[in-house]
Amino acid sequence: MSGTHVYDMIVVGGGPGGYTAALYAARAGLDTLVLEKLSAGGQMALTGVIDNYPGYEEGIDGFTLGEKMQQQAQRFGAKTEYAQVERADLTASPKVLHTSEGDFYARTVALATGADPRQLGLEHEAALTGRGVAYCAACDGMRYKGKTVVVVGGGNSAAEDALLLSRIAEKVILVHRRDTLRATKVYHQPLMQAKNVEFRWNSTVAELLHDDKLTGVKLRDVNTGEETVLPCDGVFISVGRKPATQLAEGQLELDAGGYIVADETTRTSVPGVYAVGDVRTKLLRQVVTAVADGAMAVHMAEEYLASGI
Ligand code: NAP
C-alpha cells in the first residue's frame, strides 16, 4: 500500500447524511473524502421546499440546503470527488472504492447512498420515462403546465407531488390502491380542498397507454377488477423508494426490503463500515434523521480508528 493515499473516512453519497458525516469527520481532524456521482443534496436536492428542517423558519429549497451542507463540510477540509462508485471491497484493509475516476482507499466507509424511486414494473415503463412517465414532480412538473396528470401513490411523496402539480397542471388525478391516504394529516385538507385534484381510490395502474408518448392509463379497481381508461398527458409515479444498496450486496447484512441492517449506531455487519440515512433500516426517513446518522457514524468511526484495528 506504500504510496497509496488512504483516507480516514470515505463517505459514499453527498446527501444530507453524507455531508453531515463529512462535516463531523473533517471537523474531528479526519482525512475525509466524499464520493458523489452528481451534485450535493441527493434526493433532498429534488425537493422544492423543505419546511421541516429546523432553523429555516420560512423553509428552504433542497438544492440550496444541499450546497450549504457541502460548503460547511468543505470549510473544515472535507474534499469531494465527483465519481460513480462501481464496486466496493468493504472487508479489505484498507477498504477500496472502485469508481469511474479510479480507486480510492479508506480505513472507514460511511455508505450514505440513499434510495431511488420505486417503479411500478409496468410494460414500457422505462421506455416511456421522459415521454409522459416521471418520478419527480419538482423536476418535471413544469413540462405539464395546463395539462392533465395522474399521480400514483398515497404516501407523503404522492401527496406533495399532487399538491405541487395542482399549481401547475390543469387537472391532477391521484390514484391510490387503498381508500385512504397513508400521507400525514397535514396534506389531507389542502388536497381535498384543491379544486383541480380528483381521486381514484382502490385503484391501480394496470397499463400505460401510448403512441410515441404516454396518452393515458388503464386503471383497475382492486375490489371488482373492473378496468377503465383514463386519458392523461403525464403520470407521476410516487410509490416509495428502494434503497441504493448495490455496493453492499454480498458484503453487508441487508433486510428483506434491501435496506442495510444497522441500528442508530449506524454500525453495519462489517467493522468500520457505517450506513447513514435512508439506506439503513430505520423507522423515519427524513433529512433530520439522516443528518443525525451522519454525526453518529463519525462518532463510531472515531472509536473504531482509536481501537487501532
Ligand atoms: P411511502 O410512504 O412508502 O408510500 C408509498 C405509497 O405508494 C403508499 O401509499 C403505497 O401504498 C403506495 N405503493 C407502493 N407500492 C405501490 C404499487 N406497486 N402500486 C401502487 N401503489 C403503491 O413512500 P413515500 O411517500 O415516497 O415516502 C418515503 C419516505 O419519505 C417516507 O418515510 C415519508 O414519510 C418520507 N417523506 C416525508 C416528507 C415530509 O415529511 N414532508 C415528504 C416526502 C416523503 P399503501 O399505502 O397501500 O402501502
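Keep in mind that the model is predicted.

**Exercise 1.** Find which backbone oxygen the side chain of Asn-196 reaches, and decide whether Asn-196 is buried or exposed.

*Solution.* 
1. Start in the loop between helix H6 (188–193) and strand S13 (197–200), where Asn-196 lies.
2. From there, the side chain of Asn-196 reaches the backbone oxygen of Ser-166 at 2.8 Å.
3. Ser-166 is also among the residues that Asn-196 touches, as are Ala-169, Glu-170, Lys-171 and Val-172.
4. Buried means under 20% relative accessible area. Asn-196 has 19% relative accessibility, so it counts as buried.

**Exercise 2.** Work out which backbone atoms the side chain of Thr-99 meets.

*Solution.* 
1. Look in strand S7 (residues 95–99) for Thr-99.
2. Its side chain reaches the backbone nitrogen of Glu-101 at 2.9 Å.
3. A polar atom of that side chain also lies 2.7 Å from the backbone oxygen of Gly-102.
4. With a relative accessible area of 7%, Thr-99 is buried.

**Exercise 3.** Describe how helix H1 and helix H7 pack.

*Solution.* 
1. Take H1 (residues 16–27) and H7 (residues 287–306): their axes are 7 Å apart, at an angle of about 35°.
2. The crossing of H1 past H7 is right-handed.
3. Among the residues that meet are Ala-21 and Tyr-24 in H1, and Val-291 and Gly-294 in H7.
4. By type, the contact has nine nonpolar residues, three polar and no charged.

Note on methods: Residues numbered from 1 in each chain as written. Predicted model: local features only at pLDDT ≥ 70, side-chain atom pairs only at ≥ 80, totals over all residues. Heavy atoms only, no water. Axes fitted to C-alpha atoms, helices over the stretch in contact; angles between N-to-C directions. Helix = DSSP H or I, 4+ residues; strand = E, 2+ residues; numbered from the N terminus. Left-handed = near helix turned anticlockwise from the far one by under 90°. Contact = heavy atoms within 4.5 Å. Nonpolar A, V, L, I, M, F, W, Y, C, P; charged D, E, K, R; others polar. Buried < 20%, exposed > 50% of the residue type's maximum accessible area, 1.4 Å probe, protein only. Polar contact = N/O pair within 3.5 Å; in protein donor to acceptor, adjacent residues only side chain to side chain. Lists of a residue's contacts leave out its neighbours within four places in sequence.
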